[in-house]
Amino acid sequence: MTKYRVQAPGDAKKAKVGTCHDIAVLMKYLLDRQNVPNKIWLLHDKTRSRFHTILTFESENKTVYLELTPQSSKPCYGKEIIFDNEQEFIAQYIQNNFDITDVTDSIIVGDAPDFVLSRMA
């Protein structure tokens, strides 16, 4: 993981493959071009000691999470999960024993994923 570098959105789009970090950066790039408010979050599942990067965006006064990282264990893959607001989104993950951090400004294309590496024990 220390050799991995976050892909540029164009590279991820062209390659059609990437980590959850790369997909979140690509989604952010596409939504920013449409002036859709969005944030990138780091989820830390404390029960399973796993990290996952996701993106939420605002639509029709709702907070939307769209899971686009294909994993067989994720029943929500390719589906949107809609929350009334960002606070409800955060509260649900905290209730399920996750730490949740806004890392929108911490992800640097071309750099190692320090936003997650610094939190790994």
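A residue is taken here as buried if its relative accessible area is under 20%, and by this criterion both F83 and F89 are buried in the present model, which is a predicted one. The rings of F83 and F89 have centres 5.3 Å apart and planes at 70°, so the two side chains form an edge-to-face pair.

In the structure as a whole, five aromatic pairs are found. Among them is that of Y65 and Y93, whose ring centres lie 6.4 Å apart and whose planes meet at 65°, so that this pair, too, is classed as edge-to-face.

The strands are arranged as an open sheet of five, in the order 4-3-2-1-5, with antiparallel pairing. Strand 4 and strand 5 form the edges, each of them pairing on one side only, and the twist from one strand to the next averages 30°. Between strand 3 and strand 4, the antiparallel pairing extends over four bridges, and L66 has E80, in strand 4, as its bridge partner. Two helices lie across this sheet. Helix 2, which comprises residues 20-33, lies across strand 1, strand 2 and strand 3 and runs at about 15° to strand 2, whereas helix 3 lies across strand 1, strand 2, strand 3, strand 4 and strand 5, with a direction at about 145° to strand 5.

Charged side chains provide a further set of links, and a search of the whole structure identifies six salt bridges. In one of them, K39 and D102 meet with a distance of 4.0 Å from N to O; K39 is in strand 1 (residues 38-45) and D102 in strand 5 (residues 98-102), so that distant parts of the chain, 63 residues apart, are linked by the pair. K39 is partly exposed, at 26% relative accessibility, as is D102, for which the relative accessible area is 36%. Both residues also take part in a network of salt bridges that links K39, E86 and D102.

A second salt bridge is formed by K46 and D99, the closest N and O atoms of which are 3.5 Å apart. Because K46 lies in the loop between strand 1 and strand 2 (50-59), while D99 lies in strand 5, this pair ties together parts that are 53 residues apart in sequence. K46 counts as partly exposed at 39% relative accessibility, and D99, with a relative accessible area of 36%, is also partly exposed.

In a further salt bridge, the side chains of K62 and D84 meet at 2.8 Å, N to O. K62 is located in strand 3 (residues 62-66) and D84 in the loop between strand 4 (80-83) and helix 3 (86-95), so the pair ties together parts separated by 22 residues in sequence. Here again both partners are partly exposed, K62 having a relative accessibility of 30% and D84 one of 46%.

Definitions and conventions: Residues numbered from 1 in each chain as written. Predicted model: local features only at pLDDT ≥ 70, side-chain atom pairs only at ≥ 80, totals over all residues. Heavy atoms only, no water. Buried < 20%, exposed > 50% of the residue type's maximum accessible area, 1.4 Å probe, protein only. Phe/Tyr/Trp six-rings, centres within 6.5 Å; stacked < 30°, edge-to-face > 60°. Pairing = 2+ DSSP bridges. Axes fitted to C-alpha atoms, helices over the stretch in contact; angles between N-to-C directions. Contact = heavy atoms within 4.5 Å.
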